[in-house]
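Please keep the sequence and the structure at hand while reading.

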Amino acid sequence: MFSMLNSKPRLGCHSISAWLVAGMFLVTLAANAVTQVREGGFLVESWQREHGLPDTTVSALAQTVDGFLWVGTPKGLVRFDGVRFKVIPLHPEKPETKENVTALFKERGGRLWIGTESGDVFQLTGEGYASLTHAGSVGSRVTSFASDELGTLWVLAQNNSIQFLKTSGGGFQEYEDADFRPTGFTTDSQGVVWGWSMGGLYQLRGGQWQKAESPGERRFELLASGLDGRLYAVRGQQRVGWSIYQMESGTNATFWGNGPAVLGSPRFRSSALMEDHSGTLWLGTLGGGVYFSDADRNWQLLGGATALGHGNINCFLIDREGSVWIGTQSGGLHCARRKQVSDFSLPDRKYSQLVTAVCSSSDGGIWVGTDVSGVFRLNQGAFTPMSAGSDFTNNPVTVLWEDDDANLWTGSRDGLWRTTKGVMQKIVFPRGFFGNVRAIFEDEQKRLWVGNRSRLYYRTNDNWVEVVVKSVTETNPIRTIIDGGGGSVWVALQNVGIVRVGLDGGLKEAYDAETEHAVADVRALYRDHEGALWIATGGAGLVRLAKGRFTQWTTHEGLISDEISGLSEDASGVIWMTSDDGIIGCSKAELENVAAGKQQRLLCRQLGVDDGLEDAACSGSGQSAITHSADGQLWFCNMRAVCSFAPTARTTFPPLAVTDEIQVDGVTYSGSEIRLPASARRFEFHFTSAELGNPKRLFFRYRLDGIDKDWVDGGNERVAYYSQLPAGRYQFRAMVGRSQQGWQTPTAPIKVEITPFWWQRLSVRIAGVMGLIALIAGGVWFKERAKLRRWRERIDAQQVLENERRRIARDLHDDLGAQLTEIVLVGELAKRGEQTVTELKNQMGDMTRMTRRLVSAMQEVVWTVNPRNDSVPKLATYLCEYIERFLSATEISHRLELQDELPEKPLPAQVRHDVFLAFKEAVNNAVKHSGAKKIQLAICAENGSLKIALEDDGRGFDPENLPANYSGNGLQNMRSRLEAAGGQAHVISQIGRGTTVIFEFSISGDLVAHNRLSNPRPRQA
């Protein structure tokens, strides 16, 4: 099986802009690239304003336990993590105030003390040194600090006065001693505090300064601590120069040597002195630059071709990894690092000359093969060319191998060569073996295996035996051969794959590039002690074959490069790879953790130009790309040079991650708890860790609880981006990792609270939910109520319909039925023939009248039930027609007054029926009881009501005082019918002045008060 570990990139709210962020990071790196030069065994880097340093004058330097470098400048205190300079305001309430920092001191307890030009003293404490307090003032410029075994802080001011601050507080107190006016303080490696002055050397004991023995009577110019409790003192001698003395615990002064020649001139003075971890003495001058001593105590100028070589040196610092930091006066910040990698350039640097192969020698030397200059021997830094005949001139070397008999075997495009005792001889192979030897290997039985573009041979008893490999063709040359165990070898075939073959050429294992594509372009093979086969590829990263299973690591898993040309392993189990991106190292345990899913990405160690490589890319391929020497050094091809390094020589401290600040929409926030408004849109969480040597060695992860479900791989980036975070509470943490040290403990969380908009608050949401519930309930209630109302309306309509049907039935029975019965009776009487002609004529006349009444009643019923008559104009027209028809048989005249264009308002049949019956009752009363000679009818619509007025000129009556014998129901019937129609009936009458009956009812749903008829249009009968 072939296990691919290429995990897909994780997407999130911060991953939409990943490519943009990467591009910005590269631009930042390009803009902030430091100046780097090589000085002997040192790499010197320089930082100026363009790199972020706020001022080119560096007055003081210190390193705290978290690894950060603290820089004192005229523009304030600066923290450096290896990538960025960050100004730390000494007055957070007034960040624009710039203090001139003149002294820095990190005491053993971890606190960082800061002294300023104005005499103020500050201290930084806490995790990440985030707590800043003002300790007091000493009145004038602070020049030096010291701390004794009692925890007392001693401060030296510019006026040579000493003040001290006890841990119990109480402010600074001046130390009164007229004889001791110190020039400076220093603390030796044993923790003893020393002070020096024109009067000699003093030691701090039990809170008191006591004079110590001095080397001679001359005054000190400078005093510095060294290794193992040693002290170094500089004294001036007129016309001779400066002398340096070495003392053990302040006594037994011995002459170390003279200062550099520049100190013999009165123009220059010594300004800084220090011994580094390797015993090298460093001396800084005012105007003469920086000097360091070599093994013979000779002085060498550092950075002679730069401003550092003739600048004013203010201070030195040895960091915990042994690098020398140099602060200058107006010359910026500098760092001298010992190169981790030693490089040895070819002596004759011809155009395009490359180192193509390296091989260790049994006598401690290194064999070096080139592409145009043959073979060299490198011993103690010197190259010696190997003499060869004219046949080998300009013959590119492809592989080197020294056998157990110290014979050097050289493979080239022209064939195979053997060098014995300095004599190079070409090997004659059996017929059919052509040149271009690219693979040589000697197995445990001392069989020498050789592979070229078409054949595989091994040598035994000076005889060459061909091993026929079926997969080998003219177009698939052999690139590398290694031990396969049990008398077999692994063979890498270009563009084919890898095979394991025995002496007889039989295939024991074979992996085709078409099915296992990661082995298509194999550059090198390595078999470890467990029998696992490690495969370097030219584009597919690192591959391991173990127990028939392939595992692959590429840049997706954190491998620095997918182009690997050489493989080796050191004693600690680290796989080292040469690549186009320098030297890569990764432990097998870490590779296994990533393969098993226990770790998200590889933390690879990378060696590049910053570590001393001649070139960023490595050359060579196969077995000869990398080799071990007897002293444990790794040697490899580096284009035009050979480089070496000790894999276990570097001592590193576990990195500590620090979350600096949060930038929200361009505004910076700091602190462990931050409260932000909901309107915030863009969030930048800045975090870092100190790596002063090579920041690219550090890798970061971060996580925003509440957004990220798992840790987000940030690579070398030191900022995390988020946008439009919803309201809520979050915790941000970051962690840092480094090769061979793994991932460290995450930072203390920064708590971020995003306050919601008013509509996002819980109370508002609860109220909103309750309101929504009430709205839904109200909607349901109204809907059900509407359904009930419609149901009631249907019931009412059905009831009205049933009432109308009963009324019609009643009318037909009571009125029409009675009249029909009467007509039938009259007809039966006429049929008997018992009447006279006159009586019969009278009976027929009665029958005719009854029939007419029957027809009229029938018309009334039809008019009532006809829906076409359900309107105000239809009602008015019918009333006029009825009164005309009713009065036509009488001698009473009538007058009709109708309003123009009565509104087309609908009237239900029941309303029309009730109004008509009331009107009919009024007309009948006027005709029968009033004795009127004239009747007037007026109909009009006013204010949403219809008014019907019937007026006669009869005898009238008093409605309030009806006769005692009055038994009629006409008035009550009219009122009852108008009330049923939703209206009112008014009777206005006086004795002798006629009677007026007014019907008023709403035609718009509202009953209006009675108003006098206005402007009726008369209609004459």
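A residue is called buried when its relative accessible area is under 20%, exposed when it is over 50%, and partly exposed in between, with a 1.4 Å probe and protein chains only. Helices (H or I, at least four residues) and strands (E, at least two) are DSSP runs numbered from the N terminus. The model is predicted, and local features need pLDDT of at least 70, side-chain atom pairs count only at pLDDT 80 or more, and totals for chains, interfaces and linings use all residues. Residues are numbered from 1 along each chain as its sequence is written, and side-chain values use heavy atoms, with hydrogens and water left out.

Strand 58 (residues 641-645) is largely enclosed by the rest of the structure, because 5 of its 5 residues are buried. Ala641, Cys643 and Phe645 are buried on one side of the strand, and Val642 and Ser644 are buried on the other. Two strands are said to pair if DSSP finds at least two bridges between them. Strand 31 (residues 342-345) is joined to strand 58 in the antiparallel sense by 4 bridges, and Asp343 has Cys643 as its bridge partner. Strand 57 (residues 634-638) also runs antiparallel to strand 58, with 5 bridges; here Trp635 stands opposite Ser644. The hairpin of strands 57 and 58 has 2 residues between the strands, and Met639 takes a positive phi near 60 degrees.

Strand 34 (residues 375-379) is mostly covered, with 4 of its 5 residues buried. Strand 34 pairs with strand 33 (residues 366-370) over 4 antiparallel bridges, and with strand 35 (residues 382-385) over 4 antiparallel bridges. Leu378 of strand 34 stands opposite Ile366 and also opposite Phe383 in strand 35.

| Hairpin | Residues between strands | Residue with positive phi | Phi |
|---|---|---|---|
| Strand 33 and strand 34 | 4 residues | Gly374 | near 75 degrees |
| Strand 34 and strand 35 | 2 residues | Gln380 | about 55 degrees |

An open sheet is formed by 4 strands in the order 52-53-54-55, with antiparallel pairing. Strand 52 (564-569) and strand 55 (605-607) are the edge strands, each pairing on one side only. Neighbouring strands are turned by 20 degrees against each other on average, direction ignored. For such angles, axes are lines fitted to C-alpha atoms, for helices over the stretch in contact, and angles run from 0 to 180 degrees between N-to-C directions. Within the sheet, strand 53 (residues 574-579) and strand 54 (residues 582-587) are joined by 6 bridges, and Met577 stands opposite Ile584 in strand 54. Helix 2 (residues 588-595) packs on the sheet and touches strands 52, 53 and 54; its direction makes about 70 degrees with that of strand 54. Contact means heavy atoms within 4.5 Å.

Gln606 is found in strand 55 and counts as buried because its relative accessibility is 18%. A polar contact is a pair of N or O atoms within 3.5 Å; within protein, one must be able to donate a hydrogen and the other to accept it, and residues adjacent in sequence count only if both atoms are side-chain atoms. The side chain of Gln606 reaches the backbone oxygen of Asp581 at 2.8 Å. Leaving aside neighbours within four places in sequence, Gln606 is in contact with Ile560, Asp581, Ile583, Asp611, Asn694 and Arg697.

Asn452 is found in the loop between strand 41 (448-451) and strand 42 (456-460). Asn452 counts as buried, because its relative accessibility is 0%. A polar atom of its side chain lies 2.6 Å from the backbone nitrogen of Arg455.

**The largest nonpolar core**

A nonpolar core is a set of buried Ala, Val, Leu, Ile, Met, Phe, Trp, Tyr and Cys residues joined through side-chain atoms within 4.5 Å. The largest one has 41 residues, of which Ile883, Phe919, Leu937, Ile939, Ile948, Phe999 and Phe1001 touch the most other members. The elements that each supply at least two residues of this core include helix 5, helix 6 (909-929) and strand 71 (945-952). Leaving aside neighbours within four places in sequence, Ile948 is in contact with residues including Leu879, Phe919 and Phe1001. In helix 5, the buried residues include Leu875, Leu879 and Ile883.
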